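Here are my notes on the model you sent over.

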Amino acid sequence: MGKIMEKRIVLFGCSHTETQIQYIIRNSHKSLNLSKPGNANSKIIKDVYDFVNSDNFSVDDDEIIIQYSYTNRLWFPSKFEAPEFAFHSFQDIPIYYLNDFAKEELMEFYQTYIKYFWNYDLNVKQLLMDIDLLKTFLESKKVKFIHWIFTDGGNTVEWNYEFDKVNAELDLNSEFKKLDLFEIDGNYRIGEWGRDNGWIDETEHMIPEGCEILTEKLLKKLKNN
């Protein structure tokens with residue numbers, strides 16, 4: 001009888017995965033972390049797509065956990081230095097300081113995007129569509145995966161403009177259920193679940209206690225899928 005190989009858990013997301021969850025999983029499972037602080041949803045989805053289409057992926061040996069991030073973050077392919085980094089703040093983040101020659105222009109570009117183009121309602125609808133497309137792709141490849149969202153909106157500490165939800169009639173829980181997003185006690189917005197339990201710190205990240213519980217539930221869901 002051949003040796004039964006341990007499944008590898010491959011992680012995608014932003015700092016909500018990279019700072020603690022990946023280390024918790026690494027302690028007890030074979031894993032590969034492809035999450036990145038400040039990551040944007042478009043880059044997360046591209047990373048998943050590229051990985052599944054690469055020689056590094058095995059449909060028999062890999063299981064994937066995808067965490068979606070804030071919708072205000074902006075990424076697209078470029079020829080700048082460190083093109084894997086997204087726009088996500090007006091502070092001195094990699095996309096700015098690693099391209100110092102264009103730093104002011106890049107910051108003004110992101111400020112203009114947030115002021116005139118980013119919108120809660122429009123961007124959450126875009127995210128729902130992108131998740132649906134990714135889900136369809138992964139299922140067509142018979143990939144074992146689960147996916148979850150920290151929040152369905154933007155991170156208000158990353159900009160200084162006001163914004164409104166323009167479509168209160170959008171039944172997001174129903175949409176999240178259709179997409180089979182991970183939920184805890186009916187709560188699909190895991191950041192809100194963490195906040196309700198007092199596990200969100202001043203940086204808007206979940207403290208270790210909350211991460212331990214969340215990771216346990218994610219692994220249980222992945223196993224049962």
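1. **Ground rules.** This is a predicted model, so local features need pLDDT of at least 70 and side-chain atom pairs count only at pLDDT 80 or more, while totals for chains, interfaces and linings use all residues. Residues are numbered from 1 along each chain as its sequence is written, and side-chain values use heavy atoms, with hydrogens and water left out.

2. **The main core.** A nonpolar core here is a set of buried Ala, Val, Leu, Ile, Met, Phe, Trp, Tyr and Cys residues joined through side-chain atoms within 4.5 Å. Buried means under 20% relative accessible area, exposed over 50%, and partly exposed in between (1.4 Å probe, protein chains only). The largest core has 39 residues, and Val52, Ile64, Ile66 and Leu138 touch the most other members. At least two residues each come from several elements, including β1 (8–12), β3 (62–68), α5 (103–116) and β4 (144–149). Helices (H or I, at least four residues) and strands (E, at least two) are DSSP runs, numbered from the N terminus. Helix α6 gives the largest share of this core, 8 residues. Apart from this core lies another, of 22 residues, with Leu11, Ile25, Trp193 and Met206 among them.

3. **Val52 and helix α3.** Not counting residues up to four places away in sequence, Val52 touches Phe57, Ile64, Phe137, Leu138, Lys141 and Val143 (contact means heavy atoms within 4.5 Å). Helix α3 has 12 residues and runs 17 Å from its first C-alpha to its last, close to the 16 Å expected at 1.5 Å a residue; the expected span is 1.5 Å times one less than the number of residues. Its buried residues are Asn41, Lys43, Ile44, Ile45, Asp47, Val48, Phe51 and Val52. Their cover includes β1, β2 (30–33), β3 and α6.

4. **Salt bridges.** I took a salt bridge as a side-chain nitrogen of Lys or Arg within 4 Å of a carboxyl oxygen of Asp or Glu, and the count comes to 12. Asp92 pairs with Lys103, with the closest N and O atoms 3.2 Å apart. Asp92 sits in the loop between β3 and α4 and Lys103 in helix α5, so this pair ties together parts that are 11 residues apart in sequence. Asp180 and Lys221 make another, at 3.9 Å between the closest N and O atoms. Here the loop between α7 and α8 is tied to helix α9 (residues 208–224), parts that are 41 residues apart in sequence. Both partners are partly exposed, Asp180 at 41% and Lys221 at 26%. Glu204 and Arg195 also meet in a salt bridge, 2.4 Å from N to O.

5. **Arg189: buried or exposed?** Arg189 is buried, with a relative accessible area of 15%, and is found in the loop between α7 and α8. Its C-alpha is 5.4 Å from that of Phe150, although the two are 39 residues apart along the chain. A polar contact of 3.2 Å joins the side chains of Arg189 and Asp152. By polar contact I mean a pair of N or O atoms within 3.5 Å; within protein, one must be able to donate a hydrogen and the other to accept it, and residues adjacent in sequence count only if both atoms are side-chain atoms. Asp152, Arg189 and Glu192 are linked in a network of salt bridges.

6. **Asp62.** This residue lies in strand β3 and is buried at 3% relative accessibility. A 2.7 Å polar contact joins its side chain to that of Arg8. A polar atom of the Asp62 side chain also lies 2.9 Å from the backbone nitrogen of Ser58.

7. With a disulfide taken as a pair of cysteine sulfur atoms within 2.5 Å, a search of the whole structure finds 0. Both cysteines are buried, Cys14 at 0% and Cys211 at 5% relative accessibility.
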